[in-house]
Amino acid sequence: MEGWAGKVLDVNLSDGSITSYPLDMELAHQFIGGRGLGARMLWDLVGPEVEPLSPENVLIFATGPLTASGAQTSNRFTVSTKSPLTGTVLDANSGGWWGMQFKRTGFDVLIVRGKSAAPVMLEIKPGSITLKDAANLWGKTVSETTEALGQNNNRRNVLCIGPAGENQVRLASIMNDGERALARGGPGAVMGSKNLKAIVVEGDQKMTVVDQELFKFVMYEMTKRIKASPLTSQALPEFGTVIMVNVVNEIGALPTRNFRTGQFEGADLISGEHLAETLMVKNQACWACPISCTRITRTENGEGEGPEYETTWAFGAECGIDDLVAITEANYLCNDLGLDTISTGVTIGCAMELSELGIINSELRFGRGELLKDVITDIAYRRGLGSELAEGSYRFAEMHGAPEYSMSVKKMEFPAYDPRGMQGQGLLFATSNRGACHMRGNMLGPEVLGLPRLVDRFATQGKAGVVVTHQNSAAVVDSLVVCKFVNMAVAEEFFARLLTAVSGVTYTGDDLMEAGERVYNLERMYNLREGFTRADDTLPRRLLEEPMPAGPSAGWVVKLEPMLKEYYQFRGWDKNGVPTPVTLKKLGLEAIR
Amino acid sequence: MPLIKFFGNLRQLAQASRLPVKGSSVRSLLDELCRQNQALSDAIFIDGQLRQHVRVVVNGHDVALEQGLDTPLEENDQVAIFPPLGGG
């Protein structure tokens, strides 16, 4: 295998058929892999008539041409589907070891179609690809399933859903290697709707590279830069992502109590500094990763990975909770039940506000960390109020006549940034193709950390160009598929050289950025075909009309309209946000209509 | 007196999460801090300049967008110093 394995594995759960066929290499070169290739295949396979939780939806697990090559962070993979939470194109992205192992089975992509009549699992081993009865696994948690199926990080890797996915909770994640997550947008619910419990992979094929000398040289240069950067060699290994709690709080952009305010009085108690002092056991790396940003933590009641910044915020400031132990154990529970921590926390925060306002009758209140485990479990098993929360914050709030209290875009819950303190982040969230998502081109770098250089977080004019560049870059990284933290130390040009070395196909940094732009426009066309319009490129009323009440971002709302106009122009879209024929032709997307 | 808030590994070097330090500008405040603590000085400055990725934020606003190290300070200002940090 040199870059791409060149093969697709296609499994139909309705009739049990398992086939493989060559990967369309022209598409692979245009869309690279991972998110890009997944979106392109989804365009062909899942049209607007398909309901996300119907057998006609598909799951497309995709690696990239660098996966399993041994290049830094070449462990990641994606799943693409139509989201049951948003109805948009969806890809979710995970690390760990499963992606590397799947590539070693000799395939780039696994497509799962249809629906099994009874719970099954798929096992892919050398010389054997089989669907097996999974009745004895159905109902088990993620950890129980992973152990029962013989997880071994470097030899046999388990990807599965927990009870949340089985119950088709719209916030359900797919988990791999125990505690890694394909989290956002509900892919676990799609897998559950297919009665597919797990996919186990054991591979025996090694990646080779076309130009070994170039590969070694670029790896050497990248390693130097990763070691030289204090971000990747000190900050992330020592403190992980949770260090961002105090940073974002300090500038008044840490969403607190369902985005009522931007500073949390308990921030230091849930900070990365406090985690390092109290619950941290060690850090840990995914396969082929030199950064080691993962936290391994321990409380009196358990040990596990995390929490990350987003999770700490979602169960912390978002819910008014300053109990780091409660937050950490909520994180462990979400991992074991198979739930997206961000959407779960924000949905609970929404319920807390509705409860405090008397719109719903519930014990939930901001600050009541002791209730977290029960409500998370109720969501996973669709019990009581949990059955409503399982629909996500927007549908839940809408049921009670108060959709404006759902902090979401396109029904995907917000991550841990109040855009009233970061205007560019607001534009990013409003225009993200999978709903409110910071991983589509996080403006934390330019607007707060000065990466690559600082821009005024309150400025609106000119912000669109920065957002577009970041979105395209994120699409590149998601399609290769490597980790965005490496991108903090090395530019796209390095990835281009690696790809050239591995595959023998010449790429430049500009080629990759064009591919990223292509992916972004394809996703946009997908959503337009689904019926999304300019009207969906918006933010909750709270952020557009309620000035931040206090703190360093006091008085600000998001001035979205002028940024959006500028954004459409930068993108080469018309005033309704539709890519023009000229833009589509430039990107080779004439067939995408 | 302005209050300095330390984050990340600067807390270990400062042996505190916050300290009141005299200074009428960011520069004079940091000069005084570094005079008191060489380890902090080495972490924050190189060749008389702020190290790459070190950020200084006064009352929630990055001084790079104000008057840099010459940003004036008032009595109850809060000066946050962040070492190189990454995340998302």
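Predicted model: local features only at pLDDT ≥ 70, side-chain atom pairs only at ≥ 80, totals over all residues.
In chain A, Leu122(A) stands opposite Ile199(A), a residue of strand β12(A). Strands here are DSSP runs of type E with at least two residues, helices are runs of H or I with at least four, and both are numbered from the N terminus. Strand β7 of chain A, residues 120-125, pairs with β12(A) in the parallel sense over five bridges. Two strands are said to pair if DSSP finds at least two bridges between them. Strand β12(A) also has an antiparallel partner, strand β9 of chain A, residues 157-160, joined to it over four bridges. In that pairing, Cys160(A) has Ala198(A) as its bridge partner.

Residues are numbered from 1 along each chain as its sequence is written, and chains are lettered from A and ligands numbered from 1 in the order in which they are written.

Is strand β12(A) enclosed or exposed? Six of the six residues of β12(A), residues 196-201, are buried, so the strand is largely enclosed by the rest of the structure. A residue is called buried if 20 or more other C-beta atoms lie within 10 Å of its own, exposed if 12 or fewer do, and partly exposed in between, with C-beta atoms placed from the backbone.

Let me turn to chain A as a whole. Chain A has 24 helices and 17 strands. Its radius of gyration is 22 Å, close to the 25 Å that the globule rule gives for 593 residues, so chain A is as compact as a globular protein of that length. That radius is taken over C-alpha atoms, and the rule is 2.2 Å times the number of residues to the power 0.38. Along its principal axes, the C-alpha trace of chain A spans about 60 × 55 × 50 Å. Of the 593 residues of chain A, 62% count as buried. Among contacts in chain A between residues at least 6 apart in sequence, 70% join residues at least 24 apart. A contact requires C-beta atoms, placed from the backbone, to lie within 7 Å.

Next, the interior. In soluble globular proteins, nonpolar side chains tend to be buried together. The largest nonpolar core here has 218 residues, and those with the most contacts inside it are Ile60(A), Ala198(A), Leu339(A), Ile376(A) and Leu498(A). Such a core is a set of buried Ala, Val, Leu, Ile, Met, Phe, Trp, Tyr and Cys residues joined through C-beta atoms within 7 Å. Helix α19 of chain A, residues 463-480, gives the largest share of this core, nine residues.

Which residues does Ile60(A) touch? Not counting residues up to four places away in sequence, they include Gly38(A), Met41(A) and Leu42(A), as well as Val79(A) and Ile111(A). Gly38(A), Met41(A) and Leu42(A) are among the buried residues of α2(A). Helix α2 of chain A, residues 34-45, has twelve residues and reaches 16 Å from its first C-alpha to its last, close to the 16 Å expected at 1.5 Å a residue. The expected span is 1.5 Å times one less than the number of residues. Nine of the twelve residues of α2(A) are buried, so this helix is largely enclosed by the rest of the structure.

Some backbone details deserve attention. Most residues other than glycine have a negative phi, and most peptide bonds are trans. The bond from Leu451(A) to Pro452(A) is cis, with omega near -5°, and Pro452(A) lies in the loop between α18 and α19 of chain A. Another cis peptide bond joins Leu480(A) and Val481(A), with omega about -20°. Asp177(A) has a positive phi, near 50°, and is buried, with 24 other C-beta atoms within 10 Å. Phi of Phe259(A) is also positive, near 70°, and Phe259(A) counts as buried, with 24 C-beta neighbours inside 10 Å.

Finally, chain B. How many residues of chain A are in contact with chain B? There are 29, in contact with 21 residues of chain B. On the chain A side, α8(A) gives the largest share, seven residues. Chain B itself has five strands forming an open sheet in the order β2-β1-β7-β5-β6, with mixed pairing. The edge strands, each pairing on one side only, are β2 (18-20) and β6 (61-62) of chain B.

Definitions and conventions: Contact = placed C-beta atoms within 7 Å.
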